[in-house]
Amino acid sequence: KQWYQRRVRAVLLDLEPRVINSITSHTESKFANLFNPENIFMSKHGGGAGNIWASGYQQAEGLYEEIFDIIDLEADGSDSLEGFVLCHSIAGGTGSGMGSYVLERLNDRFPKKLIQTYSVFPQTAEASDVVVQPYNS
């Protein structure tokens, strides 16, 4: 198979659809078919976390079953699960709040698996348009 005919073993989570839709909806994009649509979770109300850590965390608590059904399916499909890699931005509410919640629950559900994170921190050299970025991180 060509590289573009394969699917990435990934779960995409977001509380608002804008970013994921920009990846998956553009048919001319080489990334449009890269991710399994069954492994994409977007909150049904689509409002996001409003750049507030507590909002992202609380929403993730309410979406626990839906999120971990997707993660469990992907983990069960693995021949030899070694661990998880989480890529998230900690400047806003979803990456910081939901990311914190998912990390905690991954550690609870898979205590002997490796968990590696790649966290994107807010830029501190310039003033941000999001006042709470330092608190989220």
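1. β3 supplies the largest share of the lining of the largest pocket, seven residues. Strands here are DSSP runs of E, at least two residues, and helices are runs of H or I, at least four, numbered from the N terminus. A pocket is an open set of points on a 1 Å grid over the protein atoms alone, where a 1.4 Å probe fits, with protein on both sides within 12 Å along at least five of seven lines; lining residues have an atom within 4 Å of a point.

2. This is a predicted model, in which local features need pLDDT of at least 70 and side-chain atom pairs pLDDT 80 or more, while totals for chains, interfaces and linings use all residues. Residues are numbered from 1 along each chain, and side-chain values use heavy atoms, without hydrogens and water.

3. The largest pocket has a volume of about 1,100 Å³. Among its 33 lining residues, Val11, Leu12, Leu13, Leu86 and Cys87 are the closest to the centre. Two or more lining residues come from each of β1 (12-14), α1 (18-24), α3, β3 (83-89) and α4.

4. Leaving out residues up to four places away in sequence, Ile71 touches Val11, Phe84, Val102 and Leu106, with contact meaning heavy atoms within 4.5 Å.

Key: Grid points are joined across faces, edges and corners, and a volume is the space filled by probe spheres set on the points.
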